[in-house]
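Thanks, everyone. Please have the sequence and the model open while I talk.

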Amino acid sequence: MELYHFSHEPDIEVFIPRVKANRTDMPPVVWAIDPEHAFTFYVPRNCPRIVYKRSAAMSEEDERTFFGVSSSDTVMVVENDWYSQISQTTMYRYTFAREGFEMFDETAGYFISQQTVTPLDMQPISHLLDQLMALNIEVRFTPRLIKLREAILASTLNDFGIHRFEHAKR
């Protein structure tokens with residue numbers, strides 16, 4: 001299995017372990033994500049977003065509330081102000097061999113390595129909204145994410161991610 005790392009930089013030759021700003025309690029690591037969850041990085045790095053998936057564990061009421069009549073099993077919600085930046089951004093997907101990485105968070109698909117990693121390949125990913133829609137992900141825009149975050153945290157949804165929320169409007 002391959003793993004990925006997404007960046008705005010198109011010319012990274014090696015990935016050196018570093019301490020992540022919001023994980024200062026951890027040793028320096030190189031972060032990667034599995035192919036199943038890679039789509040969560042098809043937006044600019046600091047774009048606040050909420051991603052949630054349909055599951056059998058959610059209540060019928062929550063399914064109606066969060067999915068309505070949608071036929072998609074996955075929804076990504078971002079703030080309106082990010083639309084232009086998402087439309088104009090190219091992300092660079094670096095491919096890593098699985099060896100040397102350990103699972104960090106199975107639900108989110110995150111892996112870490114304490115070793116320097118040389119990528120196998122790099123692919124530019126542009127037209128990010130088109131990429132998401134091609135994966136049958138419903139992309140929604142909203143003025144602010146805060147109410148959705150509160151609703152999800154109080155719900156029966158168990159497969160969700162709240163990313164880069166420190167950049168969301170308050």
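Phe41 is partly exposed, at 21% relative accessibility. Keep in mind that this is a predicted model. The cut-off for buried is under 20%.

Now its ring partner. Phe41 and Phe6 form a stacked aromatic pair, with 5.8 Å from centre to centre and 10° between the planes. Phe6 counts as buried, at 5% relative accessibility. This pair links distant parts of the chain. Phe6 sits in strand 1, and Phe41 sits in the loop between strand 2 and strand 3 (49–53), 35 residues apart.

Next pair: Phe15 and Phe96. Ring centres are 5.0 Å apart and the planes stand at 80°, so this one is edge-to-face. Phe15 is in the loop between strand 1 and strand 2, and Phe96 is in strand 5, so the pair ties together parts 81 residues apart in sequence. Both Phe15 and Phe96 are buried.

How many aromatic pairs does a search of the whole structure find? It finds 12. One aromatic cluster is made of Tyr4, Phe6, Trp31, Phe41, Tyr42, Phe104 and Tyr110.

On to the cores. The largest nonpolar core has 26 residues. Phe6, Phe39, Tyr42, Met76, Ile86 and Leu132 have the most contacts inside it. At least two residues each come from strand 1, strand 2, strand 4 (74–79), strand 7, helix 3 and strand 9 (137–142). Which element gives the largest share? Helix 3, with three residues. A second core is separate and has 13 residues, including Ile50, Tyr52, Leu148 and Leu157.

Leu132 is worth a look. Beyond four places in sequence, Leu132 touches Phe39, Tyr42, Met76, Ile137 and Val139. As a general point, nonpolar side chains tend to be buried together in soluble globular proteins.

Strand 2, residues 30–33, is covered on both faces. Val30 and Ala32 are on one side, Trp31 and Ile33 on the other, and all are buried. The background is that side chains in a regular strand alternate between the two faces of the sheet. Strand 2 runs antiparallel to strand 7 (residues 110–113), and four bridges join them. Ile33 has Tyr110 as its bridge partner in strand 7.

Now a charged residue. Where is Arg93? In strand 5, residues 91–97. Arg93 is buried yet has no salt bridge. Its nearest side chain of opposite charge is Asp121, 5.9 Å away. A salt bridge needs the charged atoms within 4 Å.

Two backbone points. His127 has phi near 50°, a positive value in a residue other than glycine. His127 lies in the loop between strand 8 (121–125) and helix 3 (128–134). His127 is exposed, with a relative accessible area of 53%. Arg164 also has a positive phi, near 50°, and is not glycine either. Arg164 comes in the segment after strand 10 (160–163). Arg164 counts as partly exposed, at 23% relative accessibility.

Last residue. Ala21 is in the loop between strand 1 (2–7) and strand 2. Is Ala21 buried or exposed? Exposed, at 75% relative accessible area. From Ala21 to Ile137 it is 116 residues in sequence and 29 Å in space, C-alpha to C-alpha.

That is my tour.

Conventions
Residues numbered from 1 in each chain as written. Predicted model: local features only at pLDDT ≥ 70, side-chain atom pairs only at ≥ 80, totals over all residues. Heavy atoms only, no water. Buried < 20%, exposed > 50% of the residue type's maximum accessible area, 1.4 Å probe, protein only. Pairing = 2+ DSSP bridges. Lys, Arg positive; Asp, Glu negative; His and termini not counted. Core = buried A, V, L, I, M, F, W, Y, C linked by side-chain atoms within 4.5 Å. Contact = heavy atoms within 4.5 Å. Phe/Tyr/Trp six-rings, centres within 6.5 Å; stacked < 30°, edge-to-face > 60°.
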